[in-house]
Amino acid sequence: MQYPKAWERLTAAFIDWLLYTVFAFAVLQLLLSAFSFGTVAMQRIVGFLAVLLTTLLVIAYKVMFESGRLQATPGKLVFGLKVVDANGGRAGWVPVLLRTWPWWAYLITAITQILLVGYWVHGIIWLGLLALFATVVLPPGGRCLHDITAGLHVVKAGPGMVGR
(Lines give C-alpha, C1' and ligand atoms only; values in the text may rest on other atoms or scores of the structure.)
Protein backbone atom coordinates (compact mmCIF):
# COMPACT_ATOMS: atom_id res chain seq x y z
CA MET A 1 0.00 0.00 0.00
CA GLN A 2 1.27 3.43 -0.90
CA TYR A 3 0.43 5.96 1.79
CA PRO A 4 -0.17 9.61 0.93
CA LYS A 5 1.98 12.48 2.11
CA ALA A 6 0.87 14.30 5.25
CA TRP A 7 0.16 17.52 3.33
CA GLU A 8 -2.20 15.62 0.99
CA ARG A 9 -4.23 14.27 3.88
CA LEU A 10 -4.33 17.60 5.67
CA THR A 11 -5.33 19.50 2.53
CA ALA A 12 -7.99 16.89 1.72
CA ALA A 13 -9.36 17.28 5.26
CA PHE A 14 -9.43 21.07 4.80
CA ILE A 15 -11.38 20.71 1.52
CA ASP A 16 -13.90 18.44 3.24
CA TRP A 17 -14.11 20.86 6.16
CA LEU A 18 -14.99 23.66 3.72
CA LEU A 19 -17.72 21.53 2.16
CA TYR A 20 -19.44 20.48 5.33
CA THR A 21 -19.08 23.95 6.80
CA VAL A 22 -21.31 25.19 3.98
CA PHE A 23 -23.90 22.57 4.95
CA ALA A 24 -23.50 23.45 8.64
CA PHE A 25 -24.21 27.11 7.94
CA ALA A 26 -27.27 26.08 5.94
CA VAL A 27 -28.53 24.04 8.91
CA LEU A 28 -27.85 26.96 11.24
CA GLN A 29 -29.68 29.41 8.98
CA LEU A 30 -32.62 27.02 8.78
CA LEU A 31 -32.78 26.80 12.56
CA LEU A 32 -32.37 30.56 12.99
CA SER A 33 -35.24 31.23 10.61
CA ALA A 34 -37.48 28.58 12.17
CA PHE A 35 -37.23 29.71 15.82
CA SER A 36 -37.56 33.01 17.59
CA PHE A 37 -35.06 33.92 20.28
CA GLY A 38 -37.19 35.40 23.01
CA THR A 39 -35.31 33.74 25.86
CA VAL A 40 -31.84 32.51 26.71
CA ALA A 41 -33.30 29.02 27.10
CA MET A 42 -34.51 29.10 23.50
CA GLN A 43 -31.06 30.22 22.33
CA ARG A 44 -29.53 27.26 24.16
CA ILE A 45 -32.01 24.83 22.63
CA VAL A 46 -31.31 26.11 19.12
CA GLY A 47 -27.55 25.95 19.84
CA PHE A 48 -27.98 22.34 20.97
CA LEU A 49 -29.95 21.44 17.85
CA ALA A 50 -27.44 23.20 15.57
CA VAL A 51 -24.42 21.39 17.02
CA LEU A 52 -26.27 18.06 17.11
CA LEU A 53 -27.45 18.28 13.50
CA THR A 54 -24.08 19.54 12.27
CA THR A 55 -22.23 16.70 14.01
CA LEU A 56 -24.59 14.10 12.58
CA LEU A 57 -24.23 15.72 9.15
CA VAL A 58 -20.41 15.48 9.25
CA ILE A 59 -20.50 11.84 10.40
CA ALA A 60 -23.05 10.94 7.70
CA TYR A 61 -20.96 12.76 5.06
CA LYS A 62 -17.85 10.77 5.95
CA VAL A 63 -19.62 7.41 6.23
CA MET A 64 -21.58 7.89 3.01
CA PHE A 65 -18.54 8.81 0.91
CA GLU A 66 -15.85 6.63 2.49
CA SER A 67 -17.87 3.41 2.59
CA GLY A 68 -19.50 4.08 -0.78
CA ARG A 69 -18.46 3.22 -4.30
CA LEU A 70 -15.77 5.93 -4.47
CA GLN A 71 -14.28 5.04 -1.06
CA ALA A 72 -13.30 8.67 -0.54
CA THR A 73 -14.70 12.04 0.38
CA PRO A 74 -14.50 14.80 -2.25
CA GLY A 75 -11.38 16.18 -0.54
CA LYS A 76 -9.66 12.81 -0.76
CA LEU A 77 -10.70 12.40 -4.42
CA VAL A 78 -8.85 15.61 -5.30
CA PHE A 79 -5.59 13.88 -4.30
CA GLY A 80 -6.48 10.36 -5.45
CA LEU A 81 -6.80 8.98 -1.92
CA LYS A 82 -9.03 6.09 -0.82
CA VAL A 83 -10.10 4.58 2.49
CA VAL A 84 -9.48 0.83 2.44
CA ASP A 85 -9.49 -2.07 4.88
CA ALA A 86 -6.37 -4.03 5.86
CA ASN A 87 -6.61 -6.15 2.69
CA GLY A 88 -6.91 -3.12 0.41
CA GLY A 89 -10.62 -3.68 -0.25
CA ARG A 90 -13.62 -1.46 0.27
CA ALA A 91 -14.26 -0.66 3.91
CA GLY A 92 -17.72 -1.42 5.26
CA TRP A 93 -19.88 1.26 6.80
CA VAL A 94 -19.34 0.00 10.37
CA PRO A 95 -15.52 0.40 10.35
CA VAL A 96 -15.92 3.76 8.61
CA LEU A 97 -18.42 4.81 11.27
CA LEU A 98 -15.91 3.75 13.94
CA ARG A 99 -13.27 5.80 12.11
CA THR A 100 -15.36 8.93 12.74
CA TRP A 101 -15.07 8.68 16.53
CA PRO A 102 -13.16 11.98 16.86
CA TRP A 103 -16.20 13.82 15.49
CA TRP A 104 -18.43 12.20 18.10
CA ALA A 105 -16.77 14.54 20.60
CA TYR A 106 -18.91 17.32 19.18
CA LEU A 107 -21.94 15.61 20.68
CA ILE A 108 -20.44 16.63 24.03
CA THR A 109 -20.47 20.26 22.88
CA ALA A 110 -24.13 19.88 21.95
CA ILE A 111 -24.91 18.95 25.54
CA THR A 112 -22.75 21.77 26.88
CA GLN A 113 -24.85 24.26 24.91
CA ILE A 114 -27.75 23.39 27.18
CA LEU A 115 -25.59 23.47 30.35
CA LEU A 116 -24.16 26.96 29.63
CA VAL A 117 -20.53 25.75 29.60
CA GLY A 118 -20.15 25.35 25.85
CA TYR A 119 -17.32 27.72 25.00
CA TRP A 120 -14.45 26.36 27.06
CA VAL A 121 -15.45 22.71 26.50
CA HIS A 122 -15.66 23.40 22.77
CA GLY A 123 -12.14 24.89 22.87
CA ILE A 124 -10.72 21.87 24.69
CA ILE A 125 -12.31 19.51 22.16
CA TRP A 126 -10.86 21.55 19.28
CA LEU A 127 -7.40 21.34 20.81
CA GLY A 128 -7.80 17.59 21.24
CA LEU A 129 -8.88 17.16 17.63
CA LEU A 130 -5.92 19.22 16.41
CA ALA A 131 -3.59 17.03 18.44
CA LEU A 132 -5.26 13.93 17.01
CA PHE A 133 -4.88 15.11 13.43
CA ALA A 134 -1.24 15.95 14.13
CA THR A 135 -0.67 12.21 14.57
CA VAL A 136 -0.76 11.93 10.76
CA VAL A 137 2.88 13.07 10.63
CA LEU A 138 4.16 10.95 13.52
CA PRO A 139 3.45 7.23 12.99
CA PRO A 140 4.93 5.22 10.13
CA GLY A 141 2.72 5.15 7.08
CA GLY A 142 0.99 8.36 8.08
CA ARG A 143 -1.93 6.58 9.73
CA CYS A 144 -3.86 8.74 12.15
CA LEU A 145 -5.08 7.37 15.45
CA HIS A 146 -8.64 7.11 14.16
CA ASP A 147 -7.40 5.03 11.18
CA ILE A 148 -5.52 2.67 13.48
CA THR A 149 -8.42 2.16 15.88
CA ALA A 150 -10.81 1.36 13.02
CA GLY A 151 -8.30 -0.92 11.27
CA LEU A 152 -8.45 1.16 8.09
CA HIS A 153 -5.88 2.76 5.83
CA VAL A 154 -5.91 5.88 3.69
CA VAL A 155 -3.89 5.05 0.59
CA LYS A 156 -2.80 6.74 -2.60
CA ALA A 157 -4.97 5.07 -5.26
CA GLY A 158 -4.30 7.28 -8.26
CA PRO A 159 -3.12 10.68 -9.40
CA GLY A 160 -6.29 12.52 -8.39
CA MET A 161 -7.11 15.94 -9.80
CA VAL A 162 -3.92 17.53 -8.52
CA GLY A 163 -1.48 14.94 -9.87
CA ARG A 164 -2.54 15.23 -13.51
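How many residues does H1 have, and how far does H1 reach from its first C-alpha to its last? H1 has 29 residues and reaches 42 Å, close to the 42 Å expected at 1.5 Å a residue; the expected span is 1.5 Å times one less than the number of residues. The model is predicted, so local features need pLDDT of at least 70 and side-chain atom pairs count only at pLDDT 80 or more, while totals for chains, interfaces and linings use all residues. Residues are numbered from 1 along each chain as its sequence is written, and side-chain values use heavy atoms, with hydrogens and water left out.

The chain comes to eight helices and two strands, in the order α-α-α-β-α-α-α-α-α-β from the N terminus. These elements are DSSP runs numbered from the N terminus: helices are H or I with at least four residues, strands E with at least two. Of the 164 residues in the chain, 38% are buried, where buried means under 20% relative accessible area, exposed over 50%, and partly exposed in between (1.4 Å probe, protein chains only). Contacts are heavy atoms within 4.5 Å. Among the contacts with a separation of 6 or more, 69% join residues 24 or more positions apart.

The buried residues of H1 include Glu8, Arg9, Asp16 and Leu31. Helix H2 covers residues 40–66; it has 27 residues and reaches 39 Å from first C-alpha to last, close to the 39 Å expected. Its buried residues include Val46, Ala50, Ile59, Lys62 and Glu66. Among the elements that cover the buried residues of H2 are helix H1 (6–34), strand E1 (81–84) and helix H6 (106–115).

Lys62, in H2, has a relative accessible area of 5% and is therefore buried. Leaving out residues up to four places away in sequence, Lys62 touches Ser67, Thr73, Lys76, Val96, Arg99, Thr100 and Trp103.

The surface has a nonpolar patch formed by Phe14, Trp17, Leu18, Trp126, Leu127 and Leu130, with about 620 Å² of accessible area together. Patches take residues with over 30% relative accessible area and no salt bridge, joining like charges within 9 Å and nonpolar side chains (Val, Leu, Ile, Met, Phe, Trp, Tyr) within 5 Å. A salt bridge is a side-chain nitrogen of Lys or Arg within 4 Å of a carboxyl oxygen of Asp or Glu. H1 and helix H7 (118–134) each supply at least two residues of the patch. Trp126 lies in H7 and, at a relative accessible area of 36%, is partly exposed.

The chain exposes about 9,000 Å², 75% of it supplied by carbon and sulfur atoms. Accessible areas come from the Shrake-Rupley method with a 1.4 Å probe; for residues, only the protein chains shown count as cover.
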